[in-house]
Amino acid sequence: APASGAALSGTVTPTATATDDVGVTQVEFYDGARLIGTDTSPPYELEWDTATASNGPGTLSARAYDGTCGLTDSAAVDVTIQNTGNASFDSQWQVPACATVGGRCDSVWLLEGRGTLGPEPHAPNTLGGTCADGPRFTDRFTPALDRLVVFRSDGTAFAPGKEVTIEATVRSNSTAIHYLDLYSAPDASNPTWTLIKSLYTYGIRHQVLSTTFLLPEGGLQAIRGVFRVEGSATTCHTSYYPATDHDALVFPVGQESDSLPPPVP
């Protein structure tokens, strides 16, 4: 479980049956190549919060081990994951996008990697597929922008003039300074990018960088992150900067209603 073709949201319970002539030591559960949990005793199952996965198609499987290092993989089960506030890849925009107005839009796994290194799903994840990522460095040590999240801290829906937080998970690969330039476009269909802020990190690690800004007027907006090792802030680096990752996220913005009548003296 779950059955093939199931639509998943919230917390679900994947289960597997495994037997062995010596004994099963553990069963691992996977979504694609990603380990989502392990159980060491029957019945083999786990509670999995599907909101930690990207929206869209998923492929679940189990792998059982015995005490002599033998292992067997189950057949894969195709499912669809759909959670409010998580983005799906949009083939029109060619980037992760959220479909409905809310107070959070999260790329989750959809931006992991850089170009062919990883590989990054649906690379380059820029509006219209423009501005390719740099090809330099191997996957193990590659700089990358792996995740973009935009949200309102009070949980209310996106609206013009309201403050939101952008969180970006980045991967740096050396002690040199790495820069993250964050941009906003009020119209995703015809983006004109405005620099929000440039942040920086260093060291071989993953880190979450964040900043706040006020949403401009616009019904369908976008943010873009440009993670670079060298050069200056620009929305699209040429091949001269071979380790730059460009990623975008699209989200709808509504109008905040005013339920209070004006005071009359």
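**Strand, loop and pockets**

Author: Start with one residue in this predicted model. At 8% relative accessibility, Asn-83 falls under the 20% cut-off, so Asn-83 counts as buried.

Reader: Where is Asn-83 found, and which backbone nitrogen does its side chain reach at 2.8 Å?

Author: Asn-83 sits in the loop between β10 (77–81) and β11 (88–90). Among the residues it touches are Leu-8, Ser-9 and Gly-10. At 2.8 Å, the side chain of Asn-83 reaches the backbone nitrogen of Gly-10.

Reader: Is strand β20 largely enclosed or open?

Author: β20 covers residues 245–252. Asp-245, Asp-247, Leu-249 and Phe-251 point one way, and His-246, Ala-248, Val-250 and Pro-252 point the other way. Both sets are buried. Eight of the eight residues are buried, so β20 is largely enclosed.

Reader: Which residue stands opposite Asp-247 in β20?

Author: Look to strand β19, residues 220–228. β19 and β20 pair in the antiparallel sense over eight bridges. Opposite Asp-247 stands Gly-225.

Reader: Which element gives the most to the lining of the largest pocket?

Author: That pocket holds about 530 Å³ of space. Of its 24 lining residues, the closest to the centre are Arg-34, Ser-54, Trp-109, Leu-110 and Pro-121. Two elements give two or more residues, β8 (56–66) and β11. With four residues, the most comes from β8.

Key:
Residues numbered from 1 in each chain as written. Predicted model: local features only at pLDDT ≥ 70, side-chain atom pairs only at ≥ 80, totals over all residues. Heavy atoms only, no water. Buried < 20%, exposed > 50% of the residue type's maximum accessible area, 1.4 Å probe, protein only. Pairing = 2+ DSSP bridges. Polar contact = N/O pair within 3.5 Å; in protein donor to acceptor, adjacent residues only side chain to side chain. Contact = heavy atoms within 4.5 Å. 1 Å grid on protein atoms, 1.4 Å probe; cavity = no way out; pocket = protein on both sides within 12 Å on 5 of 7 lines; lining within 4 Å. Points joined across faces, edges and corners; volume = space filled by probe spheres on them. Lists of a residue's contacts leave out its neighbours within four places in sequence.
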